[in-house]
Amino acid sequence: MRRSASKKTGQSISTTASITSSATDLFRSSSSKASSKEMERIDNLFYSYANRSSGMIDPEGIETLCSDMEVDHTDVRILMLAWKMRAEKQGYFTLEEWRQGLKSLRADTLNKLKKALPDLEKEVKRPSNFVDFYNYAFRYCLTEEKQKSIDIESICQLLDLVLGSHFQAQVDFFIEYLKIQSDYKVINMDQWMGFYRFCNECISMNV
């Protein structure tokens, strides 16, 4: 009798394991199909804006995307979107960059992408992320090979775009200084990051 009971218990465990395994496989299969469909929609959205010749979304495509999202192409959130994609070339999105960014944002339609922008803005504004974003903004504007600095006019625009909402008084003062001084024609990464540290120190001193 003990052997029979033991045999039935073994069969029960085996059946339960089989059912659990089948359920897990079904879940994985469903999840994989959903992920595949999501990526297909992300790709389709990419190709609706991509240049057929280059296979990338170029400046014209980005302007069209901005228009469809009802966001100005100079809006800082477009730079944040580029940061999220880790886009390497200013004004261009590759398919892989697009996939990385939109999958992370869980946006596989234009409407979802538009709705994701406020959360993206909050994500960037977290102190741990903002330093990386600020650093990225400078590197993103290095459009020439081996370029290590940015002209004063462009830096003034970039400062206002990236830091204006955080340190408006300091940014306004620094921009005014840069426009009237004649010692510097360009700003490098060290100087760019140095100004950010300076702004934070000013805030700390006033607290």
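These legends describe close-up views of a predicted model.

**View A. The largest cavity lies beside helix 7 and helix 9****.**
The model holds 1 cavity of 30 Å³ or more. The largest cavity has a volume of about 30 Å³. Its lining is made of Ile155, Leu159, Phe174, Ile187, Gln191, Trp192 and Phe195. Two elements, helix 7 (152-163) and helix 9 (189-206), each give two or more residues to this lining. Helix 9 gives the most, with 3 residues. By class, the lining has 6 nonpolar residues, 1 polar residue and no charged residues.

**View B. The largest pocket has a volume of about 600 Å³****.**
The pocket is lined by 21 residues. Closest to its centre are His73, Thr74, Gln90, Tyr140 and Leu161. Several elements supply at least two lining residues each: helix 2 (59-69), helix 3 (76-85), strand 1 (149-151) and helix 7. Helix 7 gives the most to the lining of this pocket, with 4 residues. The lining has 11 nonpolar, 7 polar and 3 charged residues.

**View C. Helix 5 packs against helix 6****.**
Two packed helices are described by the angle between their axes and the distance between the axes. Helix 5 spans residues 110-125, and helix 6 spans residues 127-140. Their axes are 5 Å apart, and the angle is about 90°. Angles of 65 to 115 degrees count as roughly perpendicular, so helix 5 and helix 6 are roughly perpendicular to each other. On the helix 5 side, Glu123, Val124 and Lys125 make the contact. On the helix 6 side, the contact is made by Pro127, Asn129, Phe130 and Phe133. By class, this contact has 4 nonpolar, 1 polar and 2 charged residues.

**View D. Helix 3 crosses helix 6 at roughly 95°****.**
The axes of helix 3 and helix 6 come within 10 Å. Helix 3 brings Val76, Leu79, Met80, Ala82 and Trp83 to the contact. These meet Asn129, Asp132, Phe133, Tyr136, Ala137 and Tyr140 of helix 6. The contact residues divide into 9 nonpolar, 1 polar and 1 charged. Asn129 and Phe133 of helix 6 take part here, and Asn129 and Phe133 also belong to the contact with helix 5. Tyr140 meets helix 3 in this view, and Tyr140 is also among the residues closest to the centre of the largest pocket.

**View E. Helix 6 and helix 7 cross at roughly 160°****.**
The axes of helix 6 and helix 7 come within 11 Å. Angles over 145 degrees count as roughly antiparallel, so helix 6 is roughly antiparallel to helix 7. The crossing is right-handed. Helix 6 contributes Phe130, Phe133, Tyr134, Ala137 and Phe138. The contact has 10 nonpolar residues, no polar residues and no charged residues.

Technical notes. Residues are numbered from 1 along each chain as its sequence is written. This is a predicted model: local features need pLDDT of at least 70, side-chain atom pairs count only at pLDDT 80 or more; totals for chains, interfaces and linings use all residues. Side-chain values use heavy atoms; hydrogens and water are left out. On a 1 Å grid over the protein atoms alone, a cavity is a set of points where a 1.4 Å probe fits but cannot get out, and a pocket is an open set with protein on both sides within 12 Å along at least five of seven lines; lining residues have an atom within 4 Å of a point. Grid points are joined across faces, edges and corners, and a volume is the space filled by probe spheres set on the points. Ala, Val, Leu, Ile, Met, Phe, Trp, Tyr, Cys and Pro count as nonpolar, Asp, Glu, Lys and Arg as charged, and the others, Gly among them, as polar. Axes are lines fitted to C-alpha atoms, for helices over the stretch in contact, and angles run from 0 to 180 degrees between N-to-C directions. Angles under 35 degrees count as roughly parallel, over 145 as roughly antiparallel, 65 to 115 as roughly perpendicular and the rest as oblique. Contact means heavy atoms within 4.5 Å. A crossing is left-handed if the near helix is turned anticlockwise from the far one by less than a right angle, and right-handed if clockwise.
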